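Visitor: Hello! Could you walk me through the pockets of this protein?
Guide: Gladly, let us look together.

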Amino acid sequence: MEHKYVKHRIDALDNENYTCKYTLFEGDALMDKLESISYEEEFEKYGYGGCVCWVSCEYNTKENVEIKQEDIELGKDRAVGMYEVVEAYLLAHPCAYT
């Protein structure tokens, strides 16, 4: 299932500690089950020029709605896929970040 649109809000950005908090608050990705999804990402240096990314998600459901583990795994797989696409692009185009 492809999403037609989503809206995100940046809640916090810490350039010194390489962390970002943001919220997906509108769009068809919420599947009429969620009010929002809050994300926290932290980047740690790794090796020469690399990093490890830690991501935590908090699903804020609408009243009386339960989400299934399959829904969470699907969202997780999509997020990993997005990181892989960005990684492939940056590896193929190193001038984009130097």
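Guide: β1 (6-14), β2 (19-27), β3 (34-46), β4 (50-61) and α1 (69-92) each give at least two residues to the lining of the largest pocket. This is a predicted model, where local features need pLDDT of at least 70, side-chain atom pairs count only at pLDDT 80 or more, and totals for chains, interfaces and linings use all residues. Residues are numbered from 1 along each chain as its sequence is written, and side-chain values use heavy atoms, without hydrogens and water.

Visitor: What makes a run of residues a helix or a strand?
Guide: Both are DSSP runs, numbered from the N terminus: helices are H or I with at least four residues, strands are E with at least two. α1 supplies the largest share of the largest pocket's lining, 10 residues.

Visitor: What makes a space a pocket, and which residues line it?
Guide: On a 1 Å grid over the protein atoms alone, a pocket is an open set of points where a 1.4 Å probe fits, with protein on both sides within 12 Å along at least five of seven lines; lining residues have an atom within 4 Å of a point. For the largest pocket there are 27, with Tyr39, Gly75, Lys76, Arg78 and Ala79 nearest its centre.

Visitor: Which classes of residue are in the lining of the largest pocket?
Guide: The lining has 20 nonpolar, three polar and four charged residues. Ala, Val, Leu, Ile, Met, Phe, Trp, Tyr, Cys and Pro count as nonpolar, Asp, Glu, Lys and Arg as charged, and the others, Gly among them, as polar.
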